[in-house]
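Work through the exercises below with the sequence and the model in view. Try each task before reading its solution.

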Amino acid sequence: MPQLVRKVHHVELVVGNAKQAAYFYRKAFGFDQVAYRGPETGDHARASYVLRQGDIWMVLTTPLHHLDPLNIWLTNHGDGVRDIALEVDDVDAVFNHAVEAGAAAAAAPADREDELGAVRTATIGTYGEVLHTFVQRKGYKGFLPGYAPTEVRGLHTGLTFIDHIVGNVEDRQMQRWVDWYDRTLGLGRFVSYDDKDISTEYTALRSTVVASDDRVVKFPINEPADGLRKSQIQEYIDANLTAGVQHIAMHCEDILETIAALRANGVEFLAVPRGYYDNLWDRVGEVSEDRARLAELGILVDRDDQGYLLQLFTRPLQDRPTLFIEIIQRRGSNSFGKGNFKALFETIEQEQAQRGNL
Ligand code: FE2
């Protein structure tokens, strides 16, 4: 079977106040604001701001009318990811394949047009209340039809593309969704981590990564596992009411510069546990980055048999402990930082305890 999905086209977040959220993502993460849709462009129901940095496209949407069902979405989940849109070569073929394989149809294939041309889109539902919109660009020049271009420049922080997007699903539902992605979108199992890999003294989770054949699209799926205390995945599910997107990992080419810029902009990151760097270099060996600078910026490092990676996780980006962003730079490694899981989860647990959720 030919690969069905090419890459993540954009991620759409529903937020309570898109104007302010756009300001936050522009100022904190350095996105350009490249397009807008709202009353001024003829859409009186919703306002959407399109942000771009490198090949990362984010849309921030807010409902304008009290009867809009997106208000219920916001009541249930708070600000979060509603749609992981995927670029495809043939919308009808992918949509029909997915629906025949059991995916819930949310919008049938249709052309969307404006004076710049046409794209063809269709939408299915995945875990929780998250959607996948398929986008067949057909050479369309702008972002998508219906959006007016804007030119608000951000101070770029070196983010280049979406490396992976993680979903949290309910207890014992991970395998079901792994099978679902294989059946509907041809995303096969890439790697699994069990609760022995990802557990601390108190809490645990299991994770399986599904990926496209070329590994461009990578979706890890987490589920809570039993521990002495509440899993961070269960804390997410409780705050989000259901399954949903836990984090978006954004790649960069110089993590020292990127993290320094993000910290200067006020982005809050998970604290590195005390003692993390004491035995790190024994574990990961030689790296080309300056070790003292990595420690100063609190960047995590992990190695596998193919190389190493550097990563760091923001704290949740809204008041509910739900969505956060990972900054990642790969130097050969194709994995997800297994060696950092334990250290990291101890930090997350400290924060969970401060919220009274452990
Ligand atoms: Fe990640």
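**Exercise 1.** How many aromatic pairs does the structure hold?

Solution. The model is a predicted one. The structure holds 13 aromatic pairs.

**Exercise 2.** Classify the pair formed by W57 and F143, and locate both residues.

Solution. Step 1: a pair of aromatic rings is described by the distance of the centres and the angle of the planes. Step 4: W57 belongs to strand β4 (residues 56-63), while F143 sits in the loop between β8 (131-136) and β9 (148-152), so the pair ties together parts that are 86 residues apart in sequence. Step 5: W57 and F143 are both buried.

**Exercise 3.** Classify the pair formed by Y127 and W177, then say whether each residue is buried or exposed.

Solution. Step 1: the ring centres of Y127 and W177 lie 6.2 Å apart, with the planes at 85 degrees. Step 2: an angle over 60 degrees counts as edge-to-face, so this is the class of the pair of Y127 and W177. Step 3: Y127 lies in the loop between β7 (117-125) and β8, and W177 in helix α4 (residues 174-185), so the pair ties together parts that are 50 residues apart in sequence. Step 4: buried means under 20% relative accessible area. Y127 has 2% relative accessibility, so Y127 counts as buried; W177 has 8%, so W177 counts as buried too. Step 5: Y127 and W177 belong to a cluster linked by ring pairs, together with W180, Y181 and F219.

**Exercise 4.** Which residues are the protein donors of the iron ion, and what spacing do the donors follow along the chain?

Solution. Step 1: the protein donors are H164 (NE2), H247 (NE2) and E326 (OE), and they lie 2.0 to 2.2 Å from the iron ion. Step 2: their spacing along the chain is H-x82-H-x78-E. Step 3: H247 lies in strand β14 (residues 244-252) and E326 in strand β17 (residues 324-331), so the pair ties together parts that are 79 residues apart in sequence. Step 4: H247, at 7% relative accessibility, counts as buried. E326 is buried as well, with a relative accessible area of 2%.

How values were computed. Residues are numbered from 1 along each chain as its sequence is written. This is a predicted model: local features need pLDDT of at least 70, side-chain atom pairs count only at pLDDT 80 or more; totals for chains, interfaces and linings use all residues. Side-chain values use heavy atoms; hydrogens and water are left out. Rings of Phe, Tyr and Trp (its six-membered ring) pair if their centres lie within 6.5 Å; planes under 30 degrees apart count as stacked, over 60 as edge-to-face and the rest as tilted. Helices (H or I, at least four residues) and strands (E, at least two) are DSSP runs, numbered from the N terminus. Buried means under 20% relative accessible area, exposed over 50%, partly exposed in between (1.4 Å probe, protein chains only). Donors are N, O and S atoms within 2.8 Å of the metal (3.2 Å for Na, K and Ca); water is not among the atoms, so sites may look incomplete.
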